[in-house]
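Walk me through this protein model, please.

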Amino acid sequence: MTDRADIAKADRSSSRGRRVGLGLVVAALCLGPLAALAQTQIYDARTKKWVDYDKKKARQYFARTNQVPEAFRRQVVPFRTAEKPGTIIIDGNQHFLYLVQPGGQAVRYGIGVGREGFGWAGIVRVGRTAEWPTWTPPAEMVARDPNAAKWAAGMPGGPDNPLGARALYLYEGDQDTIYRIHGTVEPWTIGLDVSSGCIRMNNDDIVDLHSRVEIGAKVIVLMQGAALYKGV
């Protein structure tokens, strides 16, 4: 767990890049694309230094340990917010998803988020959920990605499906935003900016989240780059 001294240090260091496990982000929330920020970093306990965490290092780490870095593993953490239990708060800057719990706590999960040009922020809701969902790539993806084009009519759910074991479909009002919180067949990408805007989790974590979340749950996707001290 992070102590107050570490949090203070992270606040002073925020301008140098993303700090995994330290601090949060918030700003005015409006649905729309965001620019990418600085390189993701993780704390190396051996060297006591922050180090860059990119796709290559993520693959190497996962191949060596068969898991993601500790900060991105599911855990219960202190979390102060005015939002009610059951609310999902997504901090793409730090690559965390928080499920608010009673008593000033939250379940924190590591996530992968949108790569450059595909980030977004807003307040939405869980419109529906699915187990082993069908993946239907949006028209824009079909147009730019030959691998997606062959599944234009939909890819059946299963262990090779990009949506993984579960999916939460995010709605704005009664309209599907096309964004999802879903599993992944690439668990080493947790902690990275890799998706086309959807929030990805490892399959064990999305199964856990799916079991806890109700239809209609509020989902807050925080804008990157601002400090949050008192919750949303």
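Start with a rule for rings: two rings of Phe, Tyr or Trp pair if their centres lie within 6.5 Å, and planes over 60 degrees apart count as edge-to-face. By this rule the model, which is predicted, holds 5 aromatic pairs. Take Phe-96 and Tyr-98. Their ring centres are 6.0 Å apart and their planes meet at 80°, so this pair is edge-to-face. Both residues are buried. Ring pairs also join them with Tyr-53, Phe-72 and Phe-79 into a cluster.

Charges meet rings here too. The charged end of Arg-108 sits over the ring of Phe-96, 4.0 Å from the ring centre. Likewise, the charged end of Arg-128 sits over the ring of Tyr-169, at 3.7 Å from the centre.

Now turn to the nonpolar interior. In soluble globular proteins, nonpolar side chains tend to be buried together. The largest nonpolar core has 23 residues. Which of them touch the most other members? They are Ile-88, Ile-90, Leu-97, Ile-181, Leu-209 and Val-219. Several elements each supply at least two residues of this core, among them strand 5 (88-91), strand 6 (96-101), strand 11, helix 5 and strand 14 (218-221). Strand 9 gives the largest share, 3 residues. A second, separate core has 18 residues, including Ile-42, Phe-72, Tyr-98 and Ala-106.

Beyond four places in sequence, Ile-181 touches residues including Ile-88, Ile-90, Leu-97, Leu-209 and Val-219. Also on its list are Ile-199, Met-201 and Ile-206.

Compare Ile-178, which lies in strand 11 (residues 175-182). Is Ile-178 buried, exposed or partly exposed? Its relative accessibility is 49%, so Ile-178 counts as partly exposed. Leaving aside neighbours within four places, Ile-178 is in contact with Leu-170 and Cys-198. Gly-197 is 19 residues away along the chain, yet the C-alpha atoms of Ile-178 and Gly-197 are separated by 9.0 Å.

Next comes Arg-200, in strand 13 (residues 199-200). Buried means under 20% relative accessible area. Arg-200 has 12%, so Arg-200 is buried. What does its side chain do there? Another, at 3.0 Å, goes to the side chain of Thr-189. Beyond four places in sequence, the contacts of Arg-200 also include Gly-110, Ile-111, Gly-112 and His-182.

Follow the chain on to helix 5 (residues 203-212). At the start of this helix, a side-chain oxygen of Asn-202 comes to within 3.2 Å of the backbone nitrogen of Asp-204. Which residues of helix 5 are buried? They are Asp-205, Ile-206, Asp-208, Leu-209 and His-210. An α-helix has 3.6 residues a turn, so residues three or four places apart point the same way. Keep that in mind when you look down the helix.

Finally, how far can you trust the picture? The protein chain averages a pLDDT of 80, and 78% of the residues score at least 70. Over residues 1-38, however, pLDDT stays under 50, though the model has 95 contacts for them beyond four places in sequence. Residues 225-232 are also below 50, with 24 contacts beyond near neighbours in sequence. Where pLDDT is low, the predicted coordinates should not be read in detail.

Definitions and conventions:
Residues are numbered from 1 along each chain as its sequence is written. Side-chain values use heavy atoms; hydrogens and water are left out. Buried means under 20% relative accessible area, exposed over 50%, partly exposed in between (1.4 Å probe, protein chains only). Helices (H or I, at least four residues) and strands (E, at least two) are DSSP runs, numbered from the N terminus. A polar contact is a pair of N or O atoms within 3.5 Å; within protein, one must be able to donate a hydrogen and the other to accept it, and residues adjacent in sequence count only if both atoms are side-chain atoms. Contact means heavy atoms within 4.5 Å. A nonpolar core is a set of buried Ala, Val, Leu, Ile, Met, Phe, Trp, Tyr and Cys residues joined through side-chain atoms within 4.5 Å. pLDDT is the predictor's confidence in each residue, from 0 to 100. Rings of Phe, Tyr and Trp (its six-membered ring) pair if their centres lie within 6.5 Å; planes under 30 degrees apart count as stacked, over 60 as edge-to-face and the rest as tilted. A charge sits over a ring if NZ of Lys or CZ of Arg is within 6 Å of the ring centre and within 35 degrees of the ring normal.
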